[in-house]
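I opened the model today to look up its fold and its helix packing. My entries are below.

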Amino acid sequence: MPTMPSFFRKSGNNEQRPPNPIATPAPAPFAKDEFDIILSYENQNYRIPYSVEFLAADFSLQIYLATSVIPSRQKIIGFEKPYGPAAPLMPDGDLSKAGMFEGMQLSMTLLPVGQELEPRPLTPHYVDRIGANVNVLTQRVDAIEKHLQRGGAGGERLHKLCMFMGEAGMKLMLKVDEIDGDENVKAMRKTLVKQSNAQLDRIEKLKSRLSSPPPPAPAAAADPEVGEC
């Protein structure tokens, strides 16, 4: 999965992983690349389409289309791998390592505003932290475009999501503008400004596309009247 390159040397990996959960029987290997996941949210179950090609952004988009919970407010748990069922899916999580299978049961809670999950930067440096968020924004815009290319539905709901993403992107741009430091940091700021502006432009194009009415269906040819030759 593509990630934002680190702007600074990666520090040692001191992450403490929780112990492995009690082993459960492995499901039978799936024979297809697309299947449904069962998501529990507010006492309701939703069938969420899943593809083995999905990034976390693609999966979160499908959950949004089913539940109206925007991706940044989703806390999804129940994955057996790699850190155990209590660990939530991170915004830049790698689903290829999550052991996804048909009928897998996950659950979701709504995160309060201001307590959204942050992507994991390659280093603790603030430029890398901002860069990780820009990368997630890029992946979420990609997810909408891929969904539309596949002929996916949800125009009005997608338009609302693009409105929210545009606002979030502007807030992220303000953080990028505040980056200051030596020449190396300034060069990275320039890169992030360019990438952030590109995503904001894509979001505006999506908003315009999704707010336009669909083209009218072609008129059916009239049946010839009786006796007409």
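These notes go from the whole chain to single contacts.

**Ground rules.** I am working with a predicted model: local features need pLDDT of at least 70, side-chain atom pairs count only at pLDDT 80 or more, and totals for chains, interfaces and linings use all residues. Residues are numbered from 1 along each chain as its sequence is written, and side-chain values use heavy atoms, with hydrogens and water left out.

**Whole chain.** I looked up the secondary structure and found 4 helices and 4 strands. Helices (H or I, at least four residues) and strands (E, at least two) are DSSP runs, numbered from the N terminus. The order from the N terminus is β-β-α-β-β-α-α-α. The protein chain has 229 residues, and 38% of them count as buried. Buried means under 20% relative accessible area, with a 1.4 Å probe and protein chains only. I noted an accessible surface of about 14200 Å² for the protein chain, with 54% belonging to carbon and sulfur atoms. That area comes from the Shrake-Rupley method with a 1.4 Å probe.

**Contacts along the sequence.** Contact means heavy atoms within 4.5 Å. I took contacts between residues at least 6 apart in sequence; 71% of these join residues at least 24 apart.

**H3 and H4.** How do helix H3 (residues 155–177) and helix H4 (residues 183–211) cross? Their axes come within 9 Å and cross at roughly 160°. Axes are lines fitted to C-alpha atoms, for helices over the stretch in contact, and angles run from 0 to 180 degrees between N-to-C directions. H3 and H4 are therefore roughly antiparallel to each other (angles over 145 degrees count so). From H3, the contact residues include Leu158, Cys162, Met163 and Met170. From H4, they include Leu192, Val193, Leu200 and Ile203. By class, I read 13 nonpolar, 7 polar and 3 charged residues in this contact. Ala, Val, Leu, Ile, Met, Phe, Trp, Tyr, Cys and Pro count as nonpolar, Asp, Glu, Lys and Arg as charged, and the others, Gly among them, as polar.

**H1 and H3.** The axes of helix H1 (residues 56–67) and H3 come within 10 Å and cross at roughly 120°. Leu61, Tyr64, Leu65, Ala66 and Thr67 of H1 meet Arg157, Leu158, Lys160 and Leu161 of H3. I read 6 nonpolar, 1 polar and 2 charged residues here.

**Ser51.** Is Ser51 buried or exposed? Ser51 is buried, at a relative accessible area of 8%. Ser51 lies in strand S2 (residues 44–51). Leaving aside neighbours within four places in sequence, Ser51 is in contact with Asp33 and Glu34.

Key
Buried < 20%, exposed > 50% of the residue type's maximum accessible area, 1.4 Å probe, protein only. Parallel < 35°, antiparallel > 145°, perpendicular 65-115°, else oblique.
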